[in-house]
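The entries follow the order in which I looked them up.

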Amino acid sequence: MHGAFHGEYKVPGGKLVVVDLDTEDGVLRNVRVAGDFFLEPDEAILAIDRALEGAPADTDATGLAARIDAALPPGTQMFGLTAEGVGVAVRRALAHATDWTDYDWQLIHEPPRPPALHMALDEVLTAEVAAGRRPPTLRVWEWGAPAVVIGSFQSLRNEVDPVAAERHGIQVVRRISGGGAMFIEPGDTITYSLSVPDALVQGLSFADSYAYLDDWVLGALADMGIKAWYQPLNDIATEAGKIAGAAQKRMVGGGGAILHHVTMAYDIDADRMTEVLRIGREKLSDKGTKSAKKRVDPLRRQTGLPREAVIERMIASFRGRYGLSEGALTEDELTRAKELAETKFGTAEWTARVP
């Protein structure tokens with residue numbers, strides 16, 4: 001094959017990398033790397049171009065990064081740039097990946113909904129994006145009741161103490177994405193979903209897509225004075241502790257779409273959480289702490305802002321980066337979601353599908 005390719009990738013916590021290249025007889029040709037990063041010495045940029053020239057077009061990002069690392073002049077300093085980031089930009093170019101600003105983003109931020117309906121809305125809206133009937137959407141949730149949301153593959157009995165959940169009036173629901181359990185109290189939680197076309201994350205590994213889709217949140221938190229970072233695979237953390245967890249679901253059909261949703265701790269009743277969730281010692285041991293209460297450091301303490309103000313600033317940050325118009329659920333979307341909440345997400349069969 002032969003053709004001109006253009007790819008862009010913002011290194012998480014770093015700068016934008018732009019790659020233009022051709023392919024000829026299955027190898028990379030005329031490679032030019034650019035961006036707003038910092039690089040010393042000057043000739044290192046030419047070394048990067050030369051390292052990529054002639055590389056097989058099917059080389060993955062890690063292999064491309066190895067070629068770059070081997071070719072860099074001694075003492076090279078990169079700021080806001082990584083060899084892996086360049087490799088990802090090349091893969092995105094070859095995959096004809098799109099960029100955030102290629103889309104007209106829509107915001108859905110509506111009154112509180114029951115937990116099972118939120119689960120259904122995620123599935124319905126992401127399917128609509130996959131089918132091309134809905135633009136890429138940022139949906140900010142308002143919770144109508146306290147809940148525990150367990151991951152698609154978690155064991156219900158292993159994660160939740162049913163007696164404690166009933167005592168505190170907490171509903172248990174199961175989402176369609178993997179990952180761990182989330183303890184939800186409406187005034188203490190900030191949750192949002194991104195329903196995005198598959199093309200936005202083309203060329204990214206599963207792990208890289210988490211960092212890529214979370215990057216705007218790190219910027220929003222920085223604007224509020226919080227230095228946060230993406231912590232593989234799916235956490236957003238600060239020096240004070242974890243503040244958010246993300247999960248994803250890949251949807252097939254149509255052009256394909258990704259559901260990426262994040263739950264953030266604005267505040268937390270740690271005693272109640274540890275009563276309701278069965279948080280095992282082994283899970284805590286790999287987090288470097290003996291107490292579940294110390295794993296989460298809420299945004300209320302770190303920002304000093306009301307929950308509504310944190311949400312407003314997050315939305316404003318997204319709008320400033322990518323554009324964002326006010327939207328709403330269609331009657332058809334809401335009807336389908338209500339049916340799905342009743343027939344799937346609100347049923348014991350689904351919630352206990354992994355007993």
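Which residues in H1 meet which residues in H2? I worked from a predicted model throughout. I found that Ala47, Ile48, Ala51 and Leu52 in H1 meet Leu64, Arg67, Ile68 and Ala71 in H2. By class, I noted seven nonpolar, no polar and one charged residues in this contact of H1 with H2.

I then looked up the geometry of the pair. Helix H1 covers residues 44–52 and helix H2 residues 61–71; they pack at an angle of about 135 degrees, and their axes are 8 Å apart. Angles of 65 to 115 degrees count as roughly perpendicular and those over 145 as roughly antiparallel; H1 and H2 are therefore oblique to each other. I recorded the crossing of H1 past H2 as right-handed.

Next entry: the three-stranded sheet. I read its strand order as E9-E8-E10, in an open sheet with mixed pairing. Strand E9 (171–174) and strand E10 (182–184) each have a single partner strand, so one side of each is left without a neighbour in the sheet. On average, neighbouring strands of this sheet are turned by 20 degrees against each other, direction ignored. I traced four bridges between strand E8 (residues 147–150) and E9, which pair in the parallel sense. Across this pair, Val148 stands opposite Val172 in E9. Helix H4 (residues 115–131) packs on the sheet and touches E8 and E9. I noted that the direction of H4 makes about 15 degrees with that of E9.

Next entry: the eight-stranded sheet. I read the order as E12-E13-E14-E15-E11-E7-E6-E16; this sheet is also open, and its pairing is mixed. Strand E12 (229–231) and strand E16 (325–326) stand at the edges with a single partner strand each, so one side of each lacks a neighbour in the sheet. At the E16 end, I found strand E6 (residues 106–109) running parallel to E16 and joined to E16 by two bridges. Here Leu107 stands opposite Glu326 in E16.

Which helices did I find against this sheet? One of them is helix H7 (residues 206–223), which touches strand E7 (137–140), strand E11 (189–197), E12, strand E13 (235–238), strand E14 (241–251) and strand E15 (257–265). The direction of H7 makes about 135 degrees with that of E14. Helix H11 (residues 307–322) lies across E6, E7, E11, E15 and E16, and I recorded its run at about 20 degrees to E11.

Note on methods
Residues are numbered from 1 along each chain as its sequence is written. This is a predicted model: local features need pLDDT of at least 70, side-chain atom pairs count only at pLDDT 80 or more; totals for chains, interfaces and linings use all residues. Side-chain values use heavy atoms; hydrogens and water are left out. Two strands pair if DSSP finds at least two bridges between them. Axes are lines fitted to C-alpha atoms, for helices over the stretch in contact, and angles run from 0 to 180 degrees between N-to-C directions. Contact means heavy atoms within 4.5 Å. Angles under 35 degrees count as roughly parallel, over 145 as roughly antiparallel, 65 to 115 as roughly perpendicular and the rest as oblique. A crossing is left-handed if the near helix is turned anticlockwise from the far one by less than a right angle, and right-handed if clockwise. Ala, Val, Leu, Ile, Met, Phe, Trp, Tyr, Cys and Pro count as nonpolar, Asp, Glu, Lys and Arg as charged, and the others, Gly among them, as polar.
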